[in-house]
Amino acid sequence: MIIAVFLLVLAGLFGYIRFAPSDVARWHIEPTSSALWPQAAPPDDVQAQIGSATLYLPDVSLAQVDAVAMATPRTTRLAGGVDEGRITWITRSALWGFPDYITAQAGPDGVRILGRLRFGKSDMGVNAARLREWQSKL
């Protein structure tokens with residue numbers, strides 16, 4: 001009985017992680033508004049912090065970033081579009097479906113990208129690795 005209850009609770013937890021609704025107002029934010037983003041002009045290399053990563057691409061269009069993002073497995077668009085100048089995607093882990101939110105915004109000086117996790121305190125470098133992969137494809 002205890003094992004059955006434990007498995008039921010575990011299934012509920014992972015069901016919530018996979019199917020919890022995403023608040024667009026919380027995740028579809030300007031990448032430069034985050035405290036995670038350096039105030040000075042960032043280098044065009046991935047800047048990683050615990051649970052998040054940022055990237056600045058001076059010679060890339062938002063449409064190019066969108067094409068790479070949508071070709072990434074388990075990635076869907078949450079909000080925005082090229083016409084809006086900002087797009088937020090959700091990429092889920094393969095096994096448990098943990099969501100990571102990636103927002104890119106075009107500006108006069110290039111595209112800024114912010115990737116961050118939703119659950120937990122550390123993404124074990126997943127967002128930084130994803131942004132490096134996207135950067136290599138661009």
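Author: Strands of a sheet pair through backbone hydrogen bonds, either parallel or antiparallel. Here β2 (residues 52-57) and β6 (residues 110-117) are antiparallel partners, joined over six bridges. Two strands count as paired if DSSP finds at least two bridges between them; helices (H or I, at least four residues) and strands (E, at least two) are DSSP runs numbered from the N terminus. Ser-52, for example, has Arg-116 of β6 as its bridge partner.

The model is predicted: local features need pLDDT of at least 70, side-chain atom pairs count only at pLDDT 80 or more, and totals for chains, interfaces and linings use all residues. Residues are numbered from 1 along each chain as its sequence is written, and side-chain values use heavy atoms, with hydrogens and water left out.

Reader: Which helix packs on the sheet with its direction at about 15° to that of β4?

Author: Helix α3 (residues 62-70), which touches β2, β3, β4 (86-92), β5 (99-107) and β6. Contact means heavy atoms within 4.5 Å; axes are lines fitted to C-alpha atoms, for helices over the stretch in contact, and angles run from 0 to 180 degrees between N-to-C directions. Helix α4 (residues 126-137) also packs on the sheet, at about 20° to β2.

Reader: What is the order of the six strands in the open sheet?

Author: The order is β1-β2-β6-β5-β4-β3, with antiparallel pairing. β1 (47-49) and β3 (75-81) are the edges; each has a single partner strand, so one side of each lacks a neighbour in the sheet.
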